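Please open the model in your viewer and keep the sequence panel beside it. The tour below goes from one selection to the next and says what to look for at each stop.

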Amino acid sequence: MNSINAKKINITKISTSKIESVDFEHLPFGEVFTDYMLTCDFVNGDWQEPTIVPYAPFLMDPSSKVFHYGQAIFEGMKAYKDENNEAWLFRPEENFNRFNKSAVRMAMPEVPEEVFMGGLTQLIDLERDWIKKGLGNTLYIRPFTIATGTGVIASPSNEYRFMILLSPAKSYYSGDVKVIVAEHFSRAANGGIGAAKAAGNYSAQFYPTKLANEKGFQQVIWTDDATHTMLEESGTMNVFFRINDTIYTAPTSERILDGVTRKSLISIAERDGIDLNIRPVLVSEIVEAAKNGSLKEIFGAGTAAVVTIIKGFSYQDTYYELPVIENSIALELKDKLTSIQYKLAEDTFGWTVKV
């Protein structure tokens, strides 16, 4: 995808931008939003005309089905600026396609391309001053759909609202990350909604993560629901393991989200001859590798942080610290990916889309 065409969307203009009041050097992730948002309602079986309006709260009926039955999906994306002050998206078609796969799984209407992609590009074009140049500076993009139909009967909604919010962001750094390998809790189950980017997947993680936090750990590495013997995701990220000089990561499934960052890192590794295997990863083999010293790295991959280095993990009340290494494959992959995103390296894959 090299360009996006869409019909012009009606814009309700603000009188004064709030951009001058924002400290772009100190941005708590996901808490500051731009001047505008996109909104589009699904009513009487059809999507209405999308509009771009000033960012503001809006009223909802207390019986709206999103509050009672959790019909809510979202995506996480970013926009970047290169050294020539041009704005770029990274693989937006992947997010668009996954968004609609989530919609289908949650019995929600799919959003048309001209609304999602066309609305997104026009919104970013309007807000391009909020994207600052420089490695680490991004504009985080949050498309989502919620059920706005009313009534407390347990059934899918007949009305929905699709929206896109924009939030300027700096490099995401959470400090040293230590994790607990889940022995009881699961992120998702076969036949469930783990492969959808549904809001409920994330709220279900909060309690076991809270328990991990209370023990001094930042995240949980989730295991499969049936046997708790296979490692699947870390926190809200896909997870990779390096044993000696080979990288391992689990295949996507009904339980594991098809992460855009994940598949991008895999493609870069394949292009550059890095040994990477996609197969089930057993808890027992990672514990054994930690014991014999062959486990060199564990890292998470996701939109917000791109790559998060995991310092160590706990399993069955035993903590395993990973070695400090100089030739980090995780950081090598992160550098190669971000260089493509910021147009500092040739995009041999055709992933970047100019806005």
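Throughout this tour, buried means under 20% relative accessible area, exposed means over 50%, and partly exposed lies in between, with a 1.4 Å probe and protein chains only. The model is a predicted one, in which local features need pLDDT of at least 70 and side-chain atom pairs count only at pLDDT 80 or more, while totals for chains, interfaces and linings use all residues. Residues are numbered from 1 along each chain as its sequence is written, and side-chain values use heavy atoms, with hydrogens and water left out.

Select R91, which sits in the loop between β7 (87–90) and α2 (92–105); helices (H or I, at least four residues) and strands (E, at least two) are DSSP runs, numbered from the N terminus. R91 is buried, because its relative accessible area is 8%, and it has a positive phi of about 50° although it is not a glycine.

Go on to H228, in the loop between β11 (219–223) and β12 (230–234). H228 also has a positive phi, of about 55°, and is not a glycine; with a relative accessible area of 16%, H228 is buried.

**Helix α5**

Next, select residues 260–271, which form α5. This helix has 12 residues and reaches 17 Å from its first C-alpha to its last, close to the 16 Å expected at 1.5 Å a residue, where the expected span is 1.5 Å times one less than the number of residues. Just after the helix, G273 takes a positive phi of about 75°.

**The nonpolar cores**

Now colour L89, F116, L120, I124, I141, F162 and I164, which have the most contacts inside the largest nonpolar core, a group of 52 residues. A nonpolar core is a set of buried Ala, Val, Leu, Ile, Met, Phe, Trp, Tyr and Cys residues joined through side-chain atoms within 4.5 Å. A second, separate core has 22 residues, including F90, V260, A301 and V306.

Zoom in on Y248, which belongs to strand β14 (residues 246–249) and is buried at a relative accessible area of 16%. Contact means heavy atoms within 4.5 Å, and, leaving aside neighbours within four places in sequence, Y248 is in contact with V239, F240, F241, I243, N277, R279 and V281.

Then move to T338 in helix α7 (residues 329–341), which counts as buried at 11% relative accessibility. Not counting residues up to four places away in sequence, T338 touches L135 and V306.

**The largest cavity**

Cavities and pockets are found on a 1 Å grid over the protein atoms alone: a cavity is a set of points where a 1.4 Å probe fits but cannot get out, a pocket is an open set with protein on both sides within 12 Å along at least five of seven lines, and lining residues have an atom within 4 Å of a point. Grid points are joined across faces, edges and corners, and a volume is the space filled by probe spheres set on the points.

The structure holds 3 cavities of 30 Å³ or more, and the largest has about 100 Å³ of space. Select G76, M77, K78, Y80, F90, N95, V260, T261, T303 and Q341 to see its lining, to which β6 gives the most, with 3 residues.

The largest pocket holds about 1,000 Å³ of space, and of its 38 lining residues the closest to its centre are R142, Y172, Y202, T236 and A304. Helix α4 provides the largest share of this lining, 7 residues.

Finish at the second largest pocket, with about 470 Å³ of space and 24 lining residues, of which D176, I309, I310, K311 and L331 lie nearest its centre. Here the largest share, 5 residues, comes from β18.
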